[in-house]
Amino acid sequence: HKLRETAALVAFYHPQPSYPVHILILPKRAMPSMADLTAQDANLLAEVILTTQSLVEALGLEKEGYRLVVNGGAYQDLPQLHWHLVSGSQR
């Protein structure tokens with residue numbers, strides 16, 4: 001179930017959520033980790049922020065609070081850069 005999609009990224013609910021609201025935001029282009037970003041990826045990062053703002057507004061998360069998290073190294077389960085938009089207490 002896609003929540004948002006642009007030419008560069010896609011956002012959808014995490015299939016195994018750890019939070020009441022747990023959304024993944026992934027670039028469509030293969031990017032193993034945040035360490036692989038370059039200055040040429042500034043537009044992608046802007047899209048991540050705009051997409052996050054749109055989801056926060058649509059889901060009414062501003063009052064409850066939210067986090068946008070990116071993991072790397074040993075904390076990264078998938079070899080694809082992605083962000084977690086989460087809200088609520090971890091399950």
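**Chain contacts and core**

Trainee: What share of contacts with a separation of 6 or more comes from residues 24 or more positions apart in the protein chain?
Mentor: They account for 54%. Contact means heavy atoms within 4.5 Å.

Trainee: What's the source?
Mentor: This is a predicted model, where local features need pLDDT of at least 70, side-chain atom pairs count only at pLDDT 80 or more, and totals for chains, interfaces and linings use all residues. Residues are numbered from 1 along each chain as its sequence is written, and side-chain values use heavy atoms, without hydrogens and water.

Trainee: How do the elements run from the N terminus?
Mentor: β-β-β-α-α-β-β. Helices (H or I, at least four residues) and strands (E, at least two) are DSSP runs, numbered from the N terminus.

Trainee: Switching to Leu9: buried or exposed?
Mentor: Leu9 is buried, at 0% relative accessible area. Buried means under 20%, exposed over 50% (1.4 Å probe, protein chains only).

Trainee: Where does Leu9 lie?
Mentor: In strand S2, residues 9-13. Its C-alpha is 5.5 Å from that of Leu26, 17 residues along the chain. Beyond four places in sequence, its contacts include Ile25, Leu44 and Val48.

Trainee: Which residues touch the most other members in the largest nonpolar core?
Mentor: Ile23, Ile25, Leu44, Val48, Leu55 and Leu85, out of 16 residues. Such a core is a set of buried Ala, Val, Leu, Ile, Met, Phe, Trp, Tyr and Cys residues joined through side-chain atoms within 4.5 Å.

Trainee: Which element gives the most to this core?
Mentor: H1, with 4 residues.
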